[in-house]
Amino acid sequence: MELKPGMSAIVTGGASGIGRAISLALAQKGLFVTVLDFSEERGMEVAVLIEKENARFHQDLRIPSSMFIKCDVTNAGDVADGFERHMKMYGSLDICVNSAGIGTPVLFHRDKTDGRSTWRRTIDIDFVAVIECTRLALNAADSAILRSLLASYQASITTHHRHR
Ligand SMILES: NC(=O)c1ccc[n+]([C@@H]2O[C@H](COP(=O)([O-])OP(=O)(O)OC[C@H]3O[C@@H](n4cnc5c(N)ncnc54)[C@H](O)[C@@H]3O)[C@@H](O)[C@H]2O)c1
C-alpha cells in the first residue's frame, strides 16, 4: 500500500513504544493519525508531534491533523466512540494499527487470582480488543467504499440528466 498525504490512520496504544513510533512514521508521510490510548499525557504529546510532522504536508488545514482520544481498548463504548470521532473528522480510514498491549509478569500456572487483572486482562487487551478494533476498521472501510460508490452513482445520474 502506498502511503499518501491525506490518508488517515487509527493507532491504538499510540502513546508509547511501537504505537508511538508507527504514529510518527505515518505522520512523516503526511497521514492524519488518531491515537487511541488510555495514557492521556503521553497521548497528547504524541498528537502534538504528529501535527508538527504533518505541517510540512498540509498548509491552511482547517482541521487538526491528529487527535488523541483517551480510550480503554477493552471498553467497547470507548472504542466505538474513538472510531466514530475519527470518521467524523477525516471521513475515511485507511489504516488501523493495533498496538495497545500489555504483558503480565505473573506466571500463568502460578497465578492464584481470578485473572481479572492478570491473564484475563492481557487476553482482553492483546487479543479481544484487537479483533474488535479490526472489526470496526473493516466497517469503516466498508462505509467509505459505499459512500464513494454512492457519490459516483449520484454523479453519473447528474451527468445522465444533463445529457438528456
Ligand atoms: N517492544 C517489544 O519489543 C515487543 C515485542 C513483542 C511484543 N510486544 C507487544 O506489543 C505491544 C506493544 O509494545 P510496546 O513496546 O509498544 O508497549 P508499550 O507499553 O510501550 O505501549 C503500549 C501502549 O498501549 C497502551 N495501552 C495498554 N493497555 C491499554 C488499554 N487497555 N487501552 C488503551 N491503551 C492501552 C499503553 O498506555 C501504551 O501506551 C505489547 O502488547 C507488547 O507486549 C512488544
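**Notes on the predicted model**

1. Buried residues make up 31% of the 164 residues in the protein; buried here means that 20 or more other C-beta atoms lie within 10 Å of the residue's own, exposed means 12 or fewer, and partly exposed is in between, with C-beta atoms placed from the backbone. Keep in mind that this is a predicted model, where local features need pLDDT of at least 70, side-chain atom pairs count only at pLDDT 80 or more, and totals for chains, interfaces and linings use all residues. Numbering starts from 1 along each chain as its sequence is written.

2. On the overall layout: there are four helices and four strands, and from the N terminus on they run β-α-β-α-β-α-β-α. Both kinds of element are DSSP runs numbered from the N terminus, helices being H or I with at least four residues and strands E with at least two. The C-alpha atoms fill a box of roughly 75 × 35 × 25 Å along the principal axes. Of the contacts between residues at least 6 apart in sequence, 66% join residues at least 24 apart; a contact is a pair of C-beta atoms, placed from the backbone, within 7 Å.

3. Now the sheet. It is open, its four strands come in the order E3-E2-E1-E4, and the pairing is parallel. Strand E3 (66-70) and E4 sit at the edges, each pairing on one side only. From one strand to the next, the twist averages 15°; axes are lines fitted to C-alpha atoms (for helices, over the stretch in contact), and angles run from 0 to 180 degrees between N-to-C directions. Strand E1 (residues 8-12) pairs with E4 over four bridges, in the parallel sense, where pairing requires DSSP to find at least two bridges between the strands. One such link joins valine 11 to its bridge partner in E4, valine 97. Helix H2 (residues 40-54) packs on the sheet, touching strand E2 (32-37) and E3, and its direction makes about 170° with that of E3.

4. The largest nonpolar core has 32 residues, and Ala9, Ile10, Val33, Val35, Val73, Cys133 and Ala137 touch the most other members. Such a core is a set of buried Ala, Val, Leu, Ile, Met, Phe, Trp, Tyr and Cys residues joined through C-beta atoms within 7 Å. H4 contributes the largest share, six residues. Cysteine 133 is in contact with Thr12, Val73, Val79, Cys96 and Asn98, leaving aside neighbours within four places in sequence.

5. What comes nearest to the ligand? Among the 20 residues around the ligand, Gly13, Gly17, Ile18, Ala100 and Gly101 do, with "around" meaning a C-beta atom, placed from the backbone, within 6 Å. The shell divides into eight nonpolar, nine polar and three charged residues; Ala, Val, Leu, Ile, Met, Phe, Trp, Tyr, Cys and Pro count as nonpolar, Asp, Glu, Lys and Arg as charged, and the others, Gly among them, as polar. Helix H1 (17-27) and helix H4 (119-162) each supply at least two shell residues, and H1 gives the most, with three.

6. Two loop residues deserve a mention. Threonine 104, between strand E4 (95-98) and H4, counts as partly exposed because it has 16 C-beta neighbours inside 10 Å. Not counting residues up to four places away in sequence, threonine 104 touches Thr118, Trp119 and Thr122. Aspartate 60 lies in the loop between H2 and E3 and has a positive phi of about 55° although it is not a glycine. Aspartate 60 is exposed, with 4 other C-beta atoms within 10 Å.

Methods:
Two residues are in contact if their C-beta atoms, placed from the backbone, lie within 7 Å.
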